[in-house]
Amino acid sequence: MQFVLSRAICFVHPKSPFLLMATSTSVSSVSSIAIPRKARLRGVVFDMDGTLTVPVIDFPAMYRSVLGEDEYLSVKAKNPTGIDILHQIENWSPEKQRKAYETIADFERQGLDRLQIMPGAAELYNFLESKKMRRGLITRNVKAAVDLFHQRFGMAFSPALSREFRPYKPDPAPLLHICSTWEVQPYEVIMVGDSLKDDVGCGKQAGSFTCLLDETGKYSSDDMASAELKPNFKVSSLTQLQSLLEANFDLIP
């Protein structure tokens, strides 16, 4: 694999003793932080929907049903990196909020019927298991969806936090909870997900490494311009993640 380095800048990862070098280039659709001295990695935390599972929920349709067309368009224009529907409804009246949750739950139930594992997820899981690496999960979906995922695909992620755990992503609390449960430091963990705002935002605030899964190339460099949302790594498939982990980290549980 040929690496091309451009516009490199050096910085120190929060709370980590390792020197990192940030690059703005991508290699075969993988752009990353080159780490001259490998950092120790003791655990990987994944998002579920759109990361470990194929995205099947029609989120724009869900948002329209919850917000109404006019409010949906207004909120979308103000939030180009993604709509936080749970945040949008948290201050609504109890009755209006109840109806909103019912609508969201209905879309999620439809998604469960079509639940599929993401290509490369099983192979990546087996690789991490062979290295005895800790594996956690944080999702804004409900616990029933997490339970079905574990049962259907025979995988074990622990802790596996659903939206019943408050506060939920992008707040760093769930990731910090997992680090505490594992008795590891946040800088010894990487957060992997397909949402720049929820997954990368959660990981960055916790002080962990972050990897954005961007299968379709929907995120531009402008989306990742702010330091708060700039991931350490970006891949276009989970298959690429295994090579990235081996190349950049000492996988020592």
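Buried residues make up 48% of the 253 residues in this protein, and keep in mind that you're looking at a predicted model. Its secondary structure comes to nine helices and 11 strands. If you take the contacts with a separation of 6 or more, 60% of them are between residues 24 or more positions apart.

**The nonpolar cores**

- The largest nonpolar core has 34 residues, and the ones touching the most other members are Phe46, Ile190, Leu241, Leu245 and Phe249.
- Helix α5 (residues 121-130) gives this core its largest share, with five residues.
- Apart from that core lies another one, made of 16 residues, including Met62, Val66, Leu86 and Trp92.
- Have a look at Leu241: setting aside its neighbours within four places in sequence, Leu241 is in contact with Phe46, Leu124, Val192, Cys211 and Val235.

**Helix α1 against helix α4**

- Helix α1 (residues 59-67) packs with helix α4 (residues 94-113) at an angle of about 160°, and their axes are 9 Å apart.
- An angle over 145° counts as roughly antiparallel, so that's how α1 runs relative to α4.
- The crossing of α1 past α4 is right-handed.
- On the α1 side, the contact is made by Ala61, Met62, Ser65 and Val66, while α4 brings in Ala100, Thr103, Ile104 and Phe107.
- Sort the residues of this α1 and α4 contact by type and you get six nonpolar, two polar and no charged.

**Helix α1 against helix α2**

- Helix α2 (residues 69-78) packs with α1 too, at an angle of about 120° and with the axes 7 Å apart.
- The two helices, α1 and α2, are therefore oblique to each other.
- This crossing of α1 and α2 is right-handed.
- Here Pro60, Tyr63, Arg64 and Leu67 of α1 meet Glu69, Glu71, Tyr72 and Val75 of α2.
- By type, the residues in the contact of α1 with α2 are five nonpolar, no polar and three charged.

**A stop at His87**

- You'll find His87 in helix α3 (residues 85-89).
- His87 and Tyr168 are 81 residues apart along the chain, and their C-alpha atoms are separated by 9.9 Å.

Notes:
Residues numbered from 1 in each chain as written. Predicted model: local features only at pLDDT ≥ 70, side-chain atom pairs only at ≥ 80, totals over all residues. Heavy atoms only, no water. Axes fitted to C-alpha atoms, helices over the stretch in contact; angles between N-to-C directions. Helix = DSSP H or I, 4+ residues; strand = E, 2+ residues; numbered from the N terminus. Parallel < 35°, antiparallel > 145°, perpendicular 65-115°, else oblique. Left-handed = near helix turned anticlockwise from the far one by under 90°. Contact = heavy atoms within 4.5 Å. Nonpolar A, V, L, I, M, F, W, Y, C, P; charged D, E, K, R; others polar. Core = buried A, V, L, I, M, F, W, Y, C linked by side-chain atoms within 4.5 Å. Buried < 20%, exposed > 50% of the residue type's maximum accessible area, 1.4 Å probe, protein only.
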